[in-house]
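Thank you all for making time this morning. I would like to walk through one structure with you, so please bring up the sequence and the model before I start.

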Amino acid sequence: MLGLSLNGDSYMAAEATHNSQHARKRHRARHHKSRLGCFSCKSRRVKCDEVRPVCGSCSSRGEPCVFPDPPATSLKPTSASRGRRDSPRSRSGGSPRPLRPYLESWETYTSRPAGVSAPANDDLDMDNLRAMQFFHLHTAQEMSLHPKRSMVWRRVIPRLAGKHRYLMHLLIALGGVHMITQRLRQRPGEDCDSDTVDLRLVMDHYQRGLQDFRKEVAKISNSNAEAVYAGSLLLVAFVYASLQVPELNPAWSSADPASVPYPPALNMQTLPPIDRPQVSWLHLIRGASTVIQDQWPVLKASCMRPMVLHFHGDEYWKDLPFDSSLSKLSYCSLLVQLFAQGALQAVADLRAFHTTLRLTGSNELYSTSVSPSDTSEVAVDGPSRAIDVLESIYSRVMSVLQCTISEQGSPDDSDIQYNLEEAAVLGWPILVPDVFIGLLESDELVGQAWGLSLAILAHFYVVNTLVGRWFLGAFKEEILRIQNFVSSLHDVELDRLLILPVKIATS
């Protein structure tokens, strides 16, 4: 009936084979699913023998073996700590490492206001609950456009905060400062329907979280690397956001931000004396990656994996031809169009000004902390090395624009934002040389060399304005404040170096 013909011998052989297979299936040994197996076996979908500290499968492959944490019993269960999976925890040890200087420098900068003391207990009052709720409903949702990284902010970090008290302090601090910055963005006379919290409470949570975070950094190992990295992310976001709060950015409080109009000839007005910019926050941003530099293998096998891995490596964003035609960027914001039109020329102008300054024999370009025997080396020329980094970051942004155009045809800002995040353009503070930051903090650098360093810094701030995240809202204003600094030097050539940053800051 099915169009198949079998003779007698063939039929009997087939029937015997079928019965034999059926018998084997009926008597197959049963086993329970491995629910506490290591993450390597889970990813390969093989049964783990759950032998600790290294299972048999990982031992045979010579790979690190990472197991889930056992259920916590010493902490009160919270909604934030209930996750479907446990975070990975390596059973191998690690050597303690010393505290990073950046943790102390920025802690001094954001010291607790006078008269503010720590609460007597950890009971959550209404302000704490509001800040925590705001983090879940708004802050975590707005930290990333990447689905997997957004999931880390929305689920993984809150779950870790349920297990580590210092992370909960930092989470509440970040949610609270987000509430404050949202209120500060409201225009005068606008109905203040948004909730907020006391800044003193926010800073108290920050200080308490930072204090215990430093203790964890001092003993960082495979076992606490995931939580330490989550703490680093919360701290970096808080530092960026705090630049929007006047009480936490005192270095700029002596002068009001203002945009001096162009052409440059109008910049010859006399401005009130103002302090130097505060750049100590750069030390914490740079340190966030160094505290876990030895823990990358563990993090890449953990729930924080999306935060440390990017789909495209550095080579992907290099040497891509860029079509400077703005017609394909017509659906993008004016900010993006201005950058595409003038970024590469701006870098060329900075380099030309730097070359002219060196030809005039200015020794201010070199760090005073470098020994005289080393001053002939290009490596100690802070502005030159900073311009190199700036050029690579600007080229990466231009490559992002080109790739997005190739993918989308006529992209909008959301398409570009996603790729900017993938290209990790916010990593420029890690790449900027120490000698350049030293020049920015030095009291000895004056004149054109000082103005050039500020102009380079303003161009780095342009990168942050391109990435549209709530915690980066201070950098347009920072660019205009740098312009005030440079304008006080009464140098037309220096003023011209800031044309692109100021255009972007006022767009």
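This is a predicted model: local features need pLDDT of at least 70, side-chain atom pairs count only at pLDDT 80 or more; totals for chains, interfaces and linings use all residues.

Let me begin with helix α18, where 18 of the 20 residues are buried, so this helix is largely enclosed by the rest of the structure. Helix α18 covers residues 447-466, and from its first C-alpha to its last it reaches 30 Å, which is close to the 28 Å expected at 1.5 Å a residue.

What lies alongside it? The axes of α18 and α19 come within 9 Å and cross at roughly 165°. An angle over 145 degrees counts as roughly antiparallel, and α18 and α19 are therefore roughly antiparallel to each other. The crossing in which α18 passes α19 is left-handed. On the α18 side, the residues that make this contact include W450, L454, L457 and Y461, while on the α19 side they include F475, I479, I482 and F485.

There is a second pair of helices that I would like you to find, namely α13, at residues 334-359, and α14, at residues 382-408, which pack at an angle of about 160° with their axes 10 Å apart. Where they meet, α13 contributes residues including F339, L344, V347 and R351, and α14 contributes residues including I387, L390, Y394 and M398.

Stepping back to the whole chain for a moment, we have 21 helices and two strands, and 48% of the 507 residues count as buried. If we take the contacts between residues at least 6 apart in sequence, 76% of them join residues at least 24 apart.

M143 sits in the loop between α5, residues 126-139, and α6, residues 147-163. Is M143 buried or exposed? With a relative accessibility of 6%, M143 counts as buried, because the cut-off for buried is under 20%. Setting aside the neighbours within four places in sequence, M143 is in contact with W153, A237, R469, W470 and F471. For W153, which is 10 residues away from M143 in sequence, the C-alpha to C-alpha distance is 7.1 Å.

Now to two residues whose backbone angles stand out for me. E50 is not a glycine, and yet E50 has a positive phi of about 60°. E50 is found in the loop between α2, residues 39-44, and α3, residues 56-61, and with a relative accessible area of 33% this residue is partly exposed. H490, likewise not a glycine, has a positive phi of about 55°. The loop that holds H490 runs between α19, residues 475-487, and α20, residues 492-497, and H490 counts as partly exposed at 38% relative accessibility.

In an unreviewed entry, UniProt places the feature "domain: Zn(2)-C6 fungal-type" at residues 37-67. In the model, the end C-alpha atoms of residues 37-67 lie 6 Å apart, and the span is 39% helix and 6% strand.

Conventions
Residues are numbered from 1 along each chain as its sequence is written. Side-chain values use heavy atoms; hydrogens and water are left out. UniProt positions are given in the numbering used here, feature names are shortened, and annotations may be inferred rather than shown by experiment. Helices (H or I, at least four residues) and strands (E, at least two) are DSSP runs, numbered from the N terminus. Buried means under 20% relative accessible area, exposed over 50%, partly exposed in between (1.4 Å probe, protein chains only). The expected span of a helix is 1.5 Å times one less than its number of residues. Axes are lines fitted to C-alpha atoms, for helices over the stretch in contact, and angles run from 0 to 180 degrees between N-to-C directions. Angles under 35 degrees count as roughly parallel, over 145 as roughly antiparallel, 65 to 115 as roughly perpendicular and the rest as oblique. A crossing is left-handed if the near helix is turned anticlockwise from the far one by less than a right angle, and right-handed if clockwise. Contact means heavy atoms within 4.5 Å.
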